[in-house]
Amino acid sequence: MLLAAALAALPGGRARAQEVPPGFDQGLFELRVARNPPAVTVMLLNPDGAVLVPVLPVLQATGLPFEVSADSSRITVAALGESRPNVLDVAARATTVRGQRAAVPEAELLRALGQVYLAAPRMAAMLDGRVDVDMGSLTVLVTRSPPFPSELRANLEARRAVLLRQARASAGERVAFRPRSGAGVVDWSFSSSRFPALEGSSLRLSAGAAVYGGSATLGYARALDPGATGPGAQDVVLSYRRIFPTSPYVRQLQLGDAVSTAGQARSFRGIGISNAEVRPEQEFGSLLVTPPVPPGWEYEVYEGGRLIGFSELGRQSPVEVPVQYGTTLVEIRMYGPAGEEVVTEQRFQVPFTQLPPGRFEYSAGGGVCRRGECDAVAYGEARFGFTRGLTAGGGASWVQDSVSTVQPHGSVALSTPRGWNGELRVMADQYTRGALRYFGDGPGWFVLNGGLSRAGAGVPTLGQGTQRWDAELAGGFR
């Protein structure tokens with residue numbers, strides 16, 4: 001062949017060509033394996049014109065685990081999904097593929113040029129893949145489904161490089177908060193049960209505007225019924241709320257009409273402050289995911305098709321993955337050394353009653369009660385996330401009416417990553433309430449709420465006398 005002549009003309013090429021037995025020829029082919037760069041490699045052609053490929057260079061390019069005996073007479077290759085490897089016995093001129101032993105003719109197995117050469121179809125069987133030879137372009141293409149470990153590794157590294165770049169970009173991203181003022185909005189509503197008569201009718205007007213980074217609201221509501229009198233006949237609402245997203249000490253400020261958050265909701269006109277974050281759909285924190293994978297395996301964790309974490313090759317250390325409040329469904333893809341892929345799912349549940357470990361939140365405020373509920377009120381409470389699954393807190397409310405009373409309260413919330421969570425809240429002389437919920441990986445879910453409260457404590461109840469109980473049970477199957 002012309003290629004053989006060209007090879008023999010290279011320095012040392014003539015001596016190498018003499019290693020090829022009579023009847024065989026050699027040529028330069030482009031070897032393409034998975035996502036490896038193409039490599040120009042010497043292939044052999046037997047007297048029948050069949051192509052023999054070099055075994056070890058192909059194995060190295062695929063990334064499949066393999067072992068070579070000391071005398072290079074036996075090569076074992078990891079078989080896809082099999083505990084027993086495929087074997088090429090050079091000395092005995094035989095292959096064992098998935099437990100089936102077969103003899104190899106002399107024209108299909110050859111030791112030459114310092115390599116072991118094997119016919120392309122038999123090499124494909126050893127790899128559990130395909131070896132396609134294109135004589136027109138002098139190309140040997142080695143493929144497999146699922147991908148070879150080298151292709152899988154290239155895909156993993158490309159995905160993980162994108163994830164790391166995004167993490168570095170988000171870590172360095174800083175958006176300055178500039179308090180601004182802007183245009184407002186005005187709205188109104190009218191309702192009537194006997195239109196066009198004014199009996200049972202009411203009118204509401206309100207206006208809002210952005211003022212120095214906060215929201216200012218002014219509203220007026222009045223019952224138009226001529227017979228309407230008393231505290232509920234008209235109402236004026238005046239409030240200003242401002243968020244400080246970068247402050248660790250005060251993140252929320254309320255002036256004017258507000259609602260106390262400690263123990264029992266009370267409407268008042270005054271001031272309220274808190275360092276609690278406004279966190280709709282915010283990440284709760286991180287969990288350590290440790291799938292039970294065999295040695296030599298690695299895995300990736302996906303949420304909504306997006307890679308959020310991965311293990312390191314050769315290490316079985318846990319992977320830290322972010323989880324959201326509510327339900328987080330993650331997909332775990334495990335990859336074996338021979339290119340195996342196993343996909344499982346895990347569901348993590350984080351109730352909104354939980355605080356991330358080490359997080360401290362407080363709220364405090366007070367003012368004049370509205371709508372005749374009381375004369376004055378003041379409150380304060382604090383919560384702390386002790387662990388990922390334990391949050392506890394407490395506080396007290398002071399209420400001035402005909403007498404002054406102090407009402408302490410406390411709460412504790414427990415949860416597990418796999419869907420169980422419970423909560424207990426107690427307020428002195430007011431209520432004791434509890435909840436138990438399950439939203440895990442099982443076939444169903446359920447919610448159990450219940451408690452004991454004083455009459456008029458603000459919850460729908462059953463029973464007689466000054467103490468009443470309430471209960472709710474709901475469930476279903478997926």
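Two strands count as paired when DSSP finds at least two bridges between them. That rule applies to this model, which is predicted.

Strand S16 spans residues 234-243, and strand S17 spans residues 252-259. The two pair in the antiparallel sense, over five bridges. One of the residues to look at is tyrosine 240, whose bridge partner in S17 is leucine 255. Now move on to strand S18, residues 267-274. Eight bridges join S17 to S18, and these strands also run antiparallel. Here leucine 253 has isoleucine 273 as its bridge partner in S18.

Next, the disulfide. The structure holds one. It joins cysteine 369 to cysteine 374, with an S to S distance of 1.7 Å. The pair qualifies because the cut-off for the two sulfur atoms is within 2.5 Å. A disulfide is a covalent bond between the sulfur atoms of two cysteines. The torsion about the S-S bond of cysteine 369 and cysteine 374 is about -65°, so this disulfide is left-handed. Are the two cysteines buried or exposed? Cysteine 369 has a relative accessible area of 11%, so it counts as buried. Cysteine 374 is buried too, at 7%. Both calls follow because buried means under 20% relative accessible area.

Now the backbone. The peptide bond from serine 145 to proline 146 is cis, with omega near 5°. Proline 146 sits in the loop between strand S12 (139-143) and helix H5. Leucine 138 lies in the loop between strand S11 (130-134) and S12. Its phi is near 50°, a positive value in a residue other than glycine. Leucine 138 is partly exposed, with a relative accessible area of 25%. Aspartate 429 also has a positive phi, near 60°, and is likewise not a glycine. Find aspartate 429 in the loop between strand S29 (420-427) and strand S30 (431-438). At 62% relative accessibility, aspartate 429 is exposed, because the cut-off for exposed is over 50%.

Finish at helix H5, residues 149-172, where leucine 164 is found. Leucine 164 has a relative accessible area of 41%, so it is partly exposed. How far apart are leucine 164 and glycine 309 in sequence and in space? They are 145 residues apart in sequence. In space, C-alpha to C-alpha, leucine 164 and glycine 309 are 9.7 Å apart.

Methods: Residues numbered from 1 in each chain as written. Predicted model: local features only at pLDDT ≥ 70, side-chain atom pairs only at ≥ 80, totals over all residues. Heavy atoms only, no water. Buried < 20%, exposed > 50% of the residue type's maximum accessible area, 1.4 Å probe, protein only. Helix = DSSP H or I, 4+ residues; strand = E, 2+ residues; numbered from the N terminus.
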